[in-house]
Amino acid sequence: MLRFFIRLLGYLAVASGFVALVIDGARSIANSSLQFTPLGEILLILLPTRYPLLQPAIERNLHPLLWDPMLLSLMRSPVALVALVLGFLLLWLGARPEPQVGIVTRR
């Protein structure tokens with residue numbers, strides 16, 4: 001049952017990644033320059049009150065270096081890329097294990 005939910009979240013993430021890719025592609029064609037939506041902008045739209053509190057909480061509770069080089073570069077990356085990578089990772093984690101054919105279990 002858990003594998004089903006992981007695959008479902010993976011399919012939803014891949015679908016949202018493709019939607020974001022199409023939107024960014026249309027915006028790039030309309031503006032005649034490469035345009036992409038950063039992940040931080042989407043998180044600011046979805047979580048307007050919680051997103052500004054994320055940086056101080058991570059710097060205070062975890063480690064200051066976790067925010068600046070790592071998470072800040074993740075927040076600047078394209079949301080389509082992040083959603084596609086996350087979706088394919090969830091699909092890989094939720095895949096059924098392959099049957100092991102040809103392995104003798106008796107000794």
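Of the 107 residues of the chain, 21% count as buried, where buried means under 20% relative accessible area with a 1.4 Å probe and protein chains only. This is a predicted model, in which local features need pLDDT of at least 70 and side-chain atom pairs count only at pLDDT 80 or more, while totals for chains, interfaces and linings use all residues. Residues are numbered from 1 along each chain as its sequence is written, and side-chain values use heavy atoms, with hydrogens and water left out.

**Fold and dimensions**
- The chain holds 5 helices and 0 strands, helices being DSSP runs of H or I with at least four residues and strands runs of E with at least two.
- Its radius of gyration, taken over C-alpha atoms, is 19 Å, well over the 13 Å from the globule rule for 107 residues, so the chain is more spread out than a compact globule; that rule is 2.2 Å times the number of residues to the power 0.38.
- The C-alpha trace spans about 65 × 40 × 25 Å along its principal axes.

**Contacts and surface**
- Among contacts with a separation of 6 or more, 74% come from residues 24 or more positions apart, a contact being heavy atoms within 4.5 Å.

**Asp 24**
- Asp 24 is found in helix H1, residues 2–31, and is buried, with a relative accessible area of 6%.
- Leaving aside residues up to four places away in sequence, Asp 24 touches Gln 35, Phe 36 and Thr 37.

Terms used:
Buried < 20%, exposed > 50% of the residue type's maximum accessible area, 1.4 Å probe, protein only.
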